[in-house]
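Colleague: I am new to this one. Please show me the structure, and then let me ask how you know what you say about it.

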Amino acid sequence: MNFYGYKRPDGRVGVRNKVLILPASICASDTARVVARQVTGAVTFNNQLGCSQVGADQQFTMDVMAGYAANPNVYGTVVISLGCENCQMDLVVKAIRERTNKPLKQVIIQDAGGTLKAVEMAVRYAKEMVSEASLVQKEEFPMSELIIGTECGGSDPTSGLAANPLIGRLSDLIVAEGGTSILSETTEFIGAEHILARRAATPEIRDRIFEIVRRYEKALQLVGEEVREGNPSPGNMAGGLSCLEEKSLGCIHKGGHTPVNAVYDYAKQVQARQGLVIMDTPGNDPSSVAAMVAGGAQVIVFSTGRGTPTGNPLAPVIKITGNRITYANMSDNLDMDASPVIYGPQSLEELADELLKLVQEVANGRQTKAEALGYTEMAIARVCNFV
Amino acid sequence: MLNAMIVEPQDNVVVAIEPIAKGDTVTYTCNGEEKTLTAMEDITIYHKLAACDIPKGEPICKYGEHIGLAACDIKTGQHVHCHNLENHRENLEDKV
């Protein structure tokens, strides 16, 4: 199976062709927003971080920024920094250059002489880049070029019964095509990590699965908190999920049935053609999706029980639900009804073929509901207060 | 009419796939065999009910795995949710 995508100079293949206006810190985020609004074809996000962070948090932020610039859905990037933040321009540029050789421009607000001059410079760079990007022609590539990020959010019991098993079957099909599928959300491995560990390709990967779960639980306990305080959420519980174990056992179905071939830390670059891999992310959707997109995922497949409009600035997010009431209620936000997994008439296999076809169409350019409605929210994970 | 499902045959809870009222017959298939029980209370769609009596302290099983412990004696057909399920973190490294 093939799709039409954009070949990048670093060898990767994108399914969208955007110019990223990348704010290096919160102090550049409003400027980036003004620039992106001025240039058709440019996208940005609200970076709330980038300064006053402990080392571990700064690393998360740097990896998301570098990974976003390197994501193959991006033609090129204009980085905007204030000038005095911890995520210094030279550090951001170095982190991006370690991942990709794609077009890159820099604007430092304090050096440019304030807002108006920085905006003018950045708009000119972005305008030129969008013009170059428009000349790139789509070519045909095998599905093995795809990295699919899988996520569940606003879950209810139908997520574990229908939508996640369907995504799991899709994951198996993507792996069979030679591609990569990312299973994320470490908080939602808790109580189900032994099932994933049994599928680890090596003893080292098995140990890493237990390690990321233990590390997450301990990090919260160190600050006197407990993962179960906010997980499951009130909506999860109203839907019928009673506890974290029940949520987790449903969540991990997204990983399908193939061996786990790697465990990646948050937002690190994922290799293509690697089969099923795990990324250590929070259960919080926008920050987990952001990490997988930073890892190089071109398409996100997202299950929901309660319903959500969520999207992403760079990657199309395909949303499916196994809850027929939610599908009827929020069809403006949902791309596929997975409830036939429970009620029929189609089988899980038939629906998975349909979902794979949808992924192919979206890779070819078909708009998702989140894209059509302009949803680009995202977040970056953190472990600590500002310093 | 089927109005519930069991995920794995060894589970001791079933999931309502239709809204169920107190006194309704709950029907699901397990290993190809149709089974019934009587709902002892109203069950919201997609919530769980006990497929058998579950004594206090015994594991509650869904997906063939333990999701928690019975916080009190739970009777067949009763709603199983946060009010009668006690969180229990198991050491799962021993289960691999």
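Colleague: How many residues of domain 1 of chain A are in contact with domain 2 of chain A?

Modeller: 15 residues of domain 1 of chain A touch 14 residues of domain 2 of chain A. Contact here means that the C-beta atoms of two residues, placed from the backbone, lie within 7 Å. A word on the source: this is a predicted model, where local features need pLDDT of at least 70, side-chain atom pairs count only at pLDDT 80 or more, and totals for chains, interfaces and linings use all residues. Residues are numbered from 1 along each chain as its sequence is written, while chains are lettered from A and ligands numbered from 1 in the order in which they are written.

Colleague: Where do the two domains of chain A run?

Modeller: Domain 1 covers 18-133 and domain 2 covers 143-372. Those bounds come from an automatic or database domain assignment. The C-alpha centres of the two domains of chain A lie 28 Å apart.

Colleague: Which element gives the most to the side of domain 1 of chain A that touches domain 2 of chain A?

Modeller: α2(A) does, with six residues. Helices are DSSP runs of H or I with at least four residues, strands are runs of E with at least two, and both are numbered from the N terminus. That side of domain 1 of chain A divides into eight nonpolar, four polar and three charged residues. By class, Ala, Val, Leu, Ile, Met, Phe, Trp, Tyr, Cys and Pro are nonpolar, Asp, Glu, Lys and Arg are charged, and the others, Gly among them, are polar.

Colleague: Why are α2(A) and α11(A) called oblique?

Modeller: Take the angle. α2 (residues 55-70) and α11 (residues 285-294) of chain A pack at about 55°, with their axes 7 Å apart. The axes are lines fitted to C-alpha atoms, for helices over the stretch in contact, and the angles run from 0 to 180 degrees between N-to-C directions. Under 35 degrees counts as roughly parallel, over 145 as roughly antiparallel, 65 to 115 as roughly perpendicular and the rest as oblique. α2(A) and α11(A) are therefore oblique to each other.

Colleague: Which hand does the crossing of α2(A) and α11(A) have, and which residues make the contact?

Modeller: The crossing of α2(A) and α11(A) is left-handed. That term applies if the near helix is turned anticlockwise from the far one by less than a right angle; clockwise gives right-handed. D63(A), V64(A), G67(A) and Y68(A) of α2(A) meet A290(A), A291(A), V293(A) and A294(A) of α11(A). By class, this contact has six nonpolar, one polar and one charged residues.

Colleague: What makes α6(A) and α10(A) roughly parallel?

Modeller: Their axes cross at roughly 15° and come within 8 Å. α6(A) and α10(A) are therefore roughly parallel to each other. Their crossing is right-handed. On α6(A), S159(A), G160(A) and N164(A) make the contact, facing L249(A), G250(A) and C251(A) of α10(A). This contact divides into two nonpolar, four polar and no charged residues.

Colleague: How many residues does each chain put into the contact between chain A and chain B?

Modeller: Chain A gives 20 residues and chain B gives 22. Helices of chain A that each supply at least two residues include α6 (157-176) and α10 (244-251). α7(A) gives the most on the chain A side, with four residues. By class, that side has eight nonpolar, five polar and seven charged residues.

Colleague: How do you know that chain B is as compact as a globular protein of its length?

Modeller: Chain B has zero helices and nine strands. Its radius of gyration is 13 Å, close to the 12 Å that the globule rule gives for 96 residues, so chain B is as compact as a globular protein of that length. The radius is taken over C-alpha atoms, and the rule is 2.2 Å times the number of residues to the power 0.38.

Colleague: What does the globule rule say for chain A?

Modeller: Chain A has 15 helices and 14 strands. The rule gives 21 Å for 387 residues and the radius of gyration is 20 Å, so chain A too is as compact as a globular protein of that length.

Colleague: Which residues does a cis peptide bond join?

Modeller: One such bond joins N231(A) and P232(A), with omega about 5°. P232(A) sits in the loop between α8 and α9 of chain A. Another joins G344(A) and P345(A), with omega about 5°.
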